[in-house]
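Biologist: Could you take a close look at one part of this model for me, the metal site, and then tell me what sits around it?

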Amino acid sequence: MKFLSKSVLILGAVAMIACGDKKEEKEDKITIGDGNSPQTESTTEKSSASSDSADENVVEVSIEGNDQMRYNKDEIKVKAGQTVRLTLKHVGEMEKSVMGHNWVLLKQGTVINEFGQKAVQAKDNDYIPEGTDAVITHTKMIGGGEEVTIEFEAPAAGEYDFICSFPGHYSVMNGKFIVEE
Ligand code: CU
């Protein structure tokens, strides 16, 4: 009996010490938080105020490519006059040399097959035919785990094709880029 009550006492003391420690920690955290919060608030205010007008005209678009030679989107819609900030993310693991992906926005009237065949021969230029006038904009070629962001003005309202110009990919890695009025 004596032994039991002793250990209960010890346990109780340990618990109290533990509680005391926790309280101190909490108080510390509150102090740190209080010291920081005015700074955080002012930063937030600044960034939202300065980017208010710009944000309305910038549209963020993201698209993924994978090791199965697919994009995760076959349609992207933006509005005329918008600045498009497009991020291509390669969510696979394969190397650029075997499963490279890019995002190429083609001018209207471009025949995808013809462009794709020219692109195959442009290995030294990231599979973008040199001197081509068929490309509105494009990202660089990336491999597994990489991502790339480009920014461009949306072209005139209408429907455009986008493709990946890595050899053999354009027939499955393509979609419509739609610019609405
Ligand atoms: Cu590809």
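Modeller: Here is the copper site first, then the cores and the overall fold.

Keep in mind that this is a predicted model, where local features need pLDDT of at least 70, side-chain atom pairs count only at pLDDT 80 or more, and totals for chains, interfaces and linings use all residues. Residues are numbered from 1 along each chain as its sequence is written, and side-chain values use heavy atoms, with hydrogens and water left out.

The copper ion is held by H101 (ND1), C164 (SG) and H169 (ND1) at 2.1 to 2.2 Å. Donors here are N, O and S atoms within 2.8 Å of the metal (3.2 Å for Na, K and Ca); water is not among the atoms, so sites may look incomplete. Along the chain the spacing reads H-x62-C-x4-H. H101 sits in the loop between α2 (96-99) and β4 (104-106), C164 in the loop between β7 and β8, so the pair ties together parts 63 residues apart in sequence. Helices (H or I, at least four residues) and strands (E, at least two) are DSSP runs, numbered from the N terminus.

H101 counts as buried, at 0% relative accessibility, and C164 also comes out at 0% and buried. Buried means under 20% relative accessible area (1.4 Å probe, protein chains only).

As for the cores, the largest nonpolar one has 25 residues, with I76 and W103 among those with the most contacts inside it. Such a core is a set of buried Ala, Val, Leu, Ile, Met, Phe, Trp, Tyr and Cys residues joined through side-chain atoms within 4.5 Å. A second, separate core of nine residues includes F115 and I128.

Methods: Buried means under 20% relative accessible area, exposed over 50%, partly exposed in between (1.4 Å probe, protein chains only).
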